[in-house]
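Student: Please take a close look at one part of this model: its strand pairing. Then connect that part to the rest of the chain.

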Amino acid sequence: MPRAGVTAASQSSHALQLLSSASAIHRSQFPPPPDFLFGTSTSAYQIEGGYLEDKKSLSNWDVFTHKRGTIQDGSNGDIAADHYHRYMEDIELMHSLGVNSYRFSVAWTRILPRGRFGDVNLDGVAFYNAIIDALVLKGIQPFVTIFHYDTPHELEERYGGWLSPEIQKDFGYFAEVCFKMFGDRVKLWVTLNEPNLMARFSYMNGWYAPGHCSKPFGNCVFGNSSTEPYIAGHNMILSQENAVSIYRKNYQEKQGGYIGISVSAKWYKPLRNNTADLLAVERAISFNVPWFLDPIIFGDYPPEMRKILGPNLPEFTLKQREKLRVTKLDFIGLNHYSTWYVKDCIFSSCELDPTVGDARVASLVERDGVHIGKETGAPFFYDVPHGLEEVVMYYKQRYNNTATYITENGYAQASNSSLAANDFTSDTGRINYISGYLKFLASAIRKGADVRGYFVWSLIDNFEWTFGYTERFGLYHVDFRTHKRTPKLSAQWYRKFLKGSLLKSEFQNGSQLQQCTS
């Protein structure tokens, strides 16, 4: 409650000034636009709603969230943030922030409700055309993700979705429809979002749709945790190659765009500085980003994976390896949130850690009773800003400084239905998180990393997969009963950061100016 004689607005302004003056990061430490993109990220299922409107079909997530016990708070994305009816309002929010790009995904089920077994849904095409046109009009570059976890349920029913090679044909067809319909205005494409996370969470742990797993990872009705994650991942890699090949052959030259992939880029540090834990870090890394990027860039899986998994890891044919090496990608998208300690589980006994799968390691968030960073509202996500620089520099070296975008980075606030907007709007933790990570990203760029953009997750609060509405990542609060958007303090901070000069001009005396512009 505000002190007597002090308004809530003045309190927020004071807090923002303190945070701005405490921050040593500002826009001028990054390349100027249009060489560098600053934006926000969302995904279709998490914000759109309208789950059966205008001929859209059911997705795997529509089905999964309606099963009892799959989502922490029993919720679903049927309405979500109602972006389907409020997209113009949300684009105005982006414009007011001053971002020059917006990363969003298209719902496969809106464009091709039956996959390649049915017609293109022109209502769905019209919806995304309206978004893209409105963005371009506002000077905001569309950065489009083709697939962000939501597969048409019909494809699950017909042949098992990502467990069948048939999906390579369907995904290629879907991608080509997107290139045809939107490629004249969309110049940056992400084929798949976090396939390394989805393959594990969907087919090893059963946490994500379609909910497959087996013991010891879980007790699902369907699934084989030893093989299915790697079969699904294999089909995702070959689907990515198919989509990129189609783009390179038929669209890239005339449309002038670029195509890449976004991966979940966790970072790991050894629990102890001994050989066993250092090797454990190498395994944890190999079973994360290189699981997908090594085949896409080099033509085969990391040797650490082959050694542990043996015949459970599929083989690429010589023809597939050559196509992967030739096709490659134009950029890498890294979705980075946190860093973990890693302990060896080959020479030491450990409890099963489902978050790292078969890497034979355990991930931990504290050492000697001290947390690795400040807690956030998401379980096991800690504020460890130097991890972003380390992850960027590692993949700079591993993948020959391929152009990179930070396609997701964000901070969660824990939520429940009894809390109101004013419980979330003074989000100083998010400001400290974003400014800290940006500081270390700027350092990586100064050291030569070819980073070309940064996207905050997320523009607005949304449906956070198995956590439902119990976590809020948005710069704008969403009341999920009325769908009213309310700016948080972080939205004001991001706006001032992007304007650059405002952060400097606000502090014109002594130490504050020196600290803010150092």
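Tutor: Buried means under 20% relative accessible area, exposed means over 50%, and partly exposed lies in between (1.4 Å probe, protein chains only). The model is predicted, so local features need pLDDT of at least 70 and side-chain atom pairs pLDDT 80 or more, while totals for chains, interfaces and linings use all residues. Numbering starts from 1 along each chain as its sequence is written, and side-chain values use heavy atoms, without hydrogens or water.

Start with the whole chain. It has 20 helices and 19 strands (DSSP runs numbered from the N terminus: H or I of at least four residues for helices, E of at least two for strands). Of its 518 residues, 59% are buried. The C-alpha trace spans about 70 × 60 × 45 Å along its principal axes. Take the contacts with a separation of 6 or more: 76% of them link residues 24 or more positions apart (contact: heavy atoms within 4.5 Å).

Now the barrel. Eight strands close it, in the order β1-β2-β3-β4-β5-β7-β14-β16, and the pairing is parallel (strands pair if DSSP finds at least two bridges between them). With direction ignored, neighbouring strands here are turned by 25 degrees against each other on average (axes are lines fitted to C-alpha atoms, for helices over the stretch in contact; angles run from 0 to 180 degrees between N-to-C directions). Look at one pair. Strand β5, residues 258-264, runs parallel to strand β7, residues 331-335, and five bridges join them. Within this region, V263 stands opposite L334 in β7. Helix α17, residues 428-446, packs on this sheet. It touches β1 (37-41), β14 (404-409) and β16 (451-457), and its direction makes about 170 degrees with that of β16.

The next sheet is open. It has three strands in the order β6-β8-β9, and the pairing is mixed. β6 (267-270) and β9 (361-364) stand at the edges with a single partner strand each, so one side of each has no neighbour in the sheet. From one strand to the next, the twist averages 40 degrees. Strand β8, residues 339-344, pairs with β9 in the antiparallel sense over four bridges. Here Y341 stands opposite L364 in β9. Helix α12 (residues 275-286) lies across β6, β8 and β9, and runs at about 120 degrees to β8. Helix α16 (residues 386-398) packs on the sheet too, touching β6 and β8. The direction of α16 makes about 100 degrees with that of β6.

Now the loops. The one between α9 (195-203) and α10 (228-250) holds P210, and P216 also has its place in the loop between α9 and α10. A209 and P210 are joined by a cis peptide bond, with omega about 10 degrees. The bond from K215 to P216 is cis as well, with omega near 10 degrees.

One is W465, at about 50 degrees. W465 is buried, at 5% relative accessible area. The other is K55, at about 75 degrees, in the loop between α2 (44-47) and α3 (60-64). K55 is exposed, with a relative accessible area of 58%.

Finish with the charged pairs. The whole structure holds 31 salt bridges (a side-chain nitrogen of Lys or Arg within 4 Å of a carboxyl oxygen of Asp or Glu). One of them joins D133 and R185, at 2.8 Å from N to O. D133 lies in helix α6 (residues 122-137) and R185 in the loop between α8 (166-182) and β4 (188-193), so this pair ties together parts 52 residues apart in sequence. D133 is partly exposed at 41% relative accessible area.

Other bridges stay within a helix. R86 and E89 share helix α4 (residues 83-97), three residues apart, about one turn. Their closest N and O atoms are 3.8 Å apart. R86 is partly exposed at 24%, and E89 is partly exposed at 33%. In helix α15 (residues 318-327), R325 and E322 are likewise three residues apart, about one turn. Their closest N and O atoms are 3.3 Å apart. R325 counts as partly exposed at 36%, and E322 is partly exposed at 40%. Finally, R116, E166, K169 and D170 are linked in a network of salt bridges.
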